[in-house]
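Subject: Structure handover

Hi,

Here is the structure you asked about. My notes on it follow below.

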Amino acid sequence: MQETVLPIWKTVTKSLFSKSACKMYPAQPPVFFDRTRGRIEMESPKCIVCGLCAKKCPTGAIDLDKEANTWQIDRFKCIQCGACAEGCKPNAIQMVNQYTGPAVSKQIESFSVTPPKRRTKKPDEPPSVPAG
Ligand code: SF4
Ligand code: SF4
């Protein structure tokens, strides 16, 4: 009995008089590192409606509706893997190091996106000749 109590007693007294190992959250604000995977942010004007992000998302958190021109993210499905941001060529999607605040209901954020205008040939325009 004495052999087991003595080491525990040493640990207890050491913990009692040493500095706290825990961060005093929320009294002390958390420190986010540059590469913290916090949340996905969308800059919808940069989006070219290519759909790569929705294809790459492993959890199906992104929904791109090309008919309605809307881009949606289900915050409850997103696991912050960053695959969508890595695959987005025009950098419309960014991984920021701040977390989404807690929520009690499902958070689906919706953004309007505009596909780039397709160049249409004028009726009297001559066919383009490849250079060289
Ligand atoms: S957010 Fe990026 S990857 Fe997703 S549809 Fe828009 S341009 Fe494509
Ligand atoms: S970070 Fe990952 S899980 Fe979240 S939307 Fe992007 S691809 Fe999907």
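Val 49 is buried, because its relative accessible area is 9% and the cut-off for buried is under 20%. This comes from a predicted model, so please read every value here as computed from predicted coordinates. Val 49 sits in the loop between S1 and H2. Its phi is near 55°, a positive value in a residue other than glycine. Most residues other than glycine have a negative phi.

Asn 69 is another case. Its phi is also positive, at about 55°, and Asn 69 is not a glycine. Asn 69 belongs to the loop between strand S2 (62-65) and strand S3 (70-74). Buried or partly exposed: what is Asn 69? Asn 69 is partly exposed, with a relative accessible area of 23%.

The backbone has one more feature to check. Tyr 25 and Pro 26 are joined by a cis peptide bond, with omega at about 5°. Most peptide bonds are trans. Pro 26 is placed in the loop between H1 and S1.

Overall layout

The chain has 3 helices and 5 strands. Along the sequence they follow the pattern α-β-α-β-β-α-β-β. Of the 132 residues in the chain, 20% are buried. Take the contacts with a separation of 6 or more: 71% of them are between residues 24 or more positions apart.

Ligand sites

Which residues surround ligand 1? The shell consists of Met 42, Cys 47, Ile 48, Val 49, Cys 50, Gly 51, Cys 53, Trp 71, Cys 88, Pro 90 and Ile 93. By class, the shell around ligand 1 has 10 nonpolar residues, 1 polar and no charged. Cys 47 is buried, at a relative accessible area of 11%.

Ligand 2 has 14 residues around it. The closest are Cys 57, Cys 78, Cys 81, Gly 82 and Cys 84. By class, this shell splits into 11 nonpolar, 3 polar and no charged. Cys 84 is buried, at 8% relative accessibility.

How many disulfides does a search of the whole structure find? The search returns 0.

Loop between S1 and H2

Two further residues of this loop have contacts elsewhere in the chain. Lys 46 lies between strand S1 (39-42) and helix H2 (52-56). Lys 46 is partly exposed, at 36% relative accessibility. Leaving out residues up to four places away in sequence, Lys 46 touches Pro 90, Asn 91 and Ala 92.

Ser 44 counts as buried because its relative accessibility is 18% and the cut-off is under 20%. With residues up to four places away in sequence set aside, Ser 44 touches Phe 111, Ser 112 and Val 113.

Loop between H1 and S1

The count of aromatic pairs is 2. One of them is Phe 32 with Tyr 99: the ring centres are 5.1 Å apart and the planes are at 75°, so the pair is edge-to-face, given that over 60 degrees is the criterion. This pair links distant parts of the chain. Phe 32 is in the loop between helix H1 (2-17) and S1, while Tyr 99 is in the loop between strand S4 (93-96) and strand S5 (108-112). The two are 67 residues apart. Phe 32 is partly exposed, with a relative accessible area of 22%.

Thr 36 is also in the loop between H1 and S1. Thr 36 is buried, at a relative accessible area of 12%. A polar atom of the Thr 36 side chain lies 2.9 Å from the backbone nitrogen of Phe 33. Neighbours within four places in sequence aside, Thr 36 is in contact with Val 96, Asn 97 and Tyr 99. Tyr 99 is therefore a contact of Thr 36 and the ring partner of Phe 32.

Best wishes

Technical notes:
Residues numbered from 1 in each chain as written. Chains lettered and ligands numbered in written order. Predicted model: local features only at pLDDT ≥ 70, side-chain atom pairs only at ≥ 80, totals over all residues. Heavy atoms only, no water. Near = heavy atom within 4 Å. Nonpolar A, V, L, I, M, F, W, Y, C, P; charged D, E, K, R; others polar. Helix = DSSP H or I, 4+ residues; strand = E, 2+ residues; numbered from the N terminus. Buried < 20%, exposed > 50% of the residue type's maximum accessible area, 1.4 Å probe, protein only. Contact = heavy atoms within 4.5 Å. Phe/Tyr/Trp six-rings, centres within 6.5 Å; stacked < 30°, edge-to-face > 60°. Polar contact = N/O pair within 3.5 Å; in protein donor to acceptor, adjacent residues only side chain to side chain. Disulfide = S-S within 2.5 Å.
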